[in-house]
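Dear colleague,

Please find below the structure that I am handing over to you.

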Amino acid sequence: MAVTTVLRRETLSVIDYRCTALPGEPAVVECHSTHGMAYVQSGSFGYRSRGKSYELVAGSLLVTCPGDEYVCTHDHAHGDRCLSFRLGPELVDAVADHPGIWQIGCLPPLPELMVLGELVQAAASGHSDVGLDEVGLWLTARLVELASGHALPPLHVAARDRGRAVHAALWIDANADQAIDLDAAARQAGLSAFHFLRLFTRVLGVTPKQYVIRARLRRAARLLAEDTRPITDIAYQVGFGDLSNFVRTFHRAAGVSPRQFRRASRGDRGAIHHRLARGLVD
């Protein structure tokens with residue numbers, strides 16, 4: 001079993017499990033330590049808990065409750081890969097008025113969950129500008145809605161809350177070159193991560209992570225046009241942790257690479273201007 005912690009936050013942690021167990025290998029009794037869920041990316045495995053047995057395949061969602069003993073088996077398949085979410089107490093309290101959902105064991109592949117599960121994978125691999133913690137909160141909320149049969153109450157935004165969202169955006173913009181995660185932004189706003197994400201997205205139309213990235217891209221574009229420093233230096237200055245992530249994110253946003261954008265800002269003619277315009281419009 002290969003175990004990699006992809007994200008560790010107060011609100012939730014995300015762990016990548018890659019199991020290579022062969023059919024017929026002996027099962028081991030284990031115990032869950034937290035509320036959580038695991039999205040099956042590939043493969044399959046058997047799961048026994050609370051006197052019930054389940055077969056999980058790609059797209060299934062395993063639901064866990066602290067203190068529950070369980071047994072995983074691979075009687076019918078070879079290995080699996082899951083992204084597991086361990087939820088903090090604050091998040092469990094924020095989304096669950098129906099505690100019984102944590103005893104449901106699992107949910108079959110459902111379109112409403114699978115699309116979020118695939119978005120989780122994109123966020124984990126860096127191919128989405130939505131934060132992995134943000135998608136984790138969305139997946140948790142959707143699980144609660146489907147398992148309980150009750151939609152989360154609509155968010156009514158008062159003038160004071162609109163001000164909170166705007167001030168949070170100003171704070172993010174002023175600190176975008178630093179490491180900003182959802183928990184930190186939520187603390188600054190005086191809200192739980194779950195409520196902050198809902199409020200910020202409702203008021204401003206983008207998630208906090210998207211706003212962070214776009215603030216960095218905005219500064220990067222200005223520096224690429226006006227500054228002569230190497231692109232690597234600019235990437236680090238605006239807050240990107242590595243050059244490849246910056247280049248990939250900039251290209252996805254603008255339709256051209258940072259180098260091509262710099263050339264265009266210097267007056268380079270030809271197809272690059274058409275490509276840049278198309279990327280900005282799209």
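The model is a predicted one, in which local features need pLDDT of at least 70 and side-chain atom pairs count only at pLDDT 80 or more, while totals for chains, interfaces and linings use all residues. Residues are numbered from 1 along each chain as its sequence is written, and side-chain values use heavy atoms, with hydrogens and water left out.

A pocket is found on a 1 Å grid over the protein atoms alone, as an open set of points where a 1.4 Å probe fits, with protein on both sides within 12 Å along at least five of seven lines; lining residues have an atom within 4 Å of a point. The space in the largest pocket is about 700 Å³, a volume being the space filled by probe spheres set on the points, which are joined across faces, edges and corners.

Strands β2, β3 (29-31), β4 (36-49), β6 (61-64), β7 (69-73) and β8 each contribute at least two residues to this lining. Strands here are DSSP runs of E with at least two residues, and helices are runs of H or I with at least four, numbered from the N terminus. The largest share, 5 residues, belongs to β8. By class, the lining of the largest pocket comprises 17 nonpolar, 8 polar and 4 charged residues (nonpolar: Ala, Val, Leu, Ile, Met, Phe, Trp, Tyr, Cys and Pro; charged: Asp, Glu, Lys and Arg; polar: the others, Gly among them).

The second largest pocket holds about 600 Å³ of space. Its lining has 31 residues, with Arg-9, Gly-131, Lys-209, Ile-213 and Arg-216 nearest the centre. Helix α7 gives the most to this lining, with 5 residues. The classes in the lining of the second largest pocket are 15 nonpolar, 7 polar and 9 charged.

**Strand β2 and its partners**

Strand β2 (residues 12-19) is largely enclosed by the rest of the structure, because 7 of its 8 residues are buried (under 20% relative accessible area; exposed is over 50% and partly exposed lies in between, with a 1.4 Å probe and protein chains only). Strands β1 (residues 2-8) and β2 pair in the antiparallel sense over 6 bridges, where pairing requires that DSSP finds at least two bridges between two strands. A hairpin of 3 residues joins β1 to β2, and Ala-2 stands opposite Arg-18 in β2. Strand β2 also runs antiparallel to β8 (residues 80-87), with 8 bridges between them; Val-14 has Phe-85 in β8 as its bridge partner.

**Salt bridges**

There are 10 salt bridges in the structure (a side-chain nitrogen of Lys or Arg within 4 Å of a carboxyl oxygen of Asp or Glu). In one of them, the closest N and O atoms of Glu-10 and Arg-187 are 3.5 Å apart. Glu-10 lies in the loop between β1 and β2 and Arg-187 in helix α5 (residues 182-189), so the pair ties together parts that are 177 residues apart in sequence. Both Glu-10 and Arg-187 are exposed.

Glu-145 and Arg-142 form another salt bridge, at 2.8 Å from N to O. Both residues lie in helix α3, 3 residues apart, about one turn of the helix. Finally, a network of salt bridges links Asp-16, Arg-18 and Arg-81.

Yours sincerely
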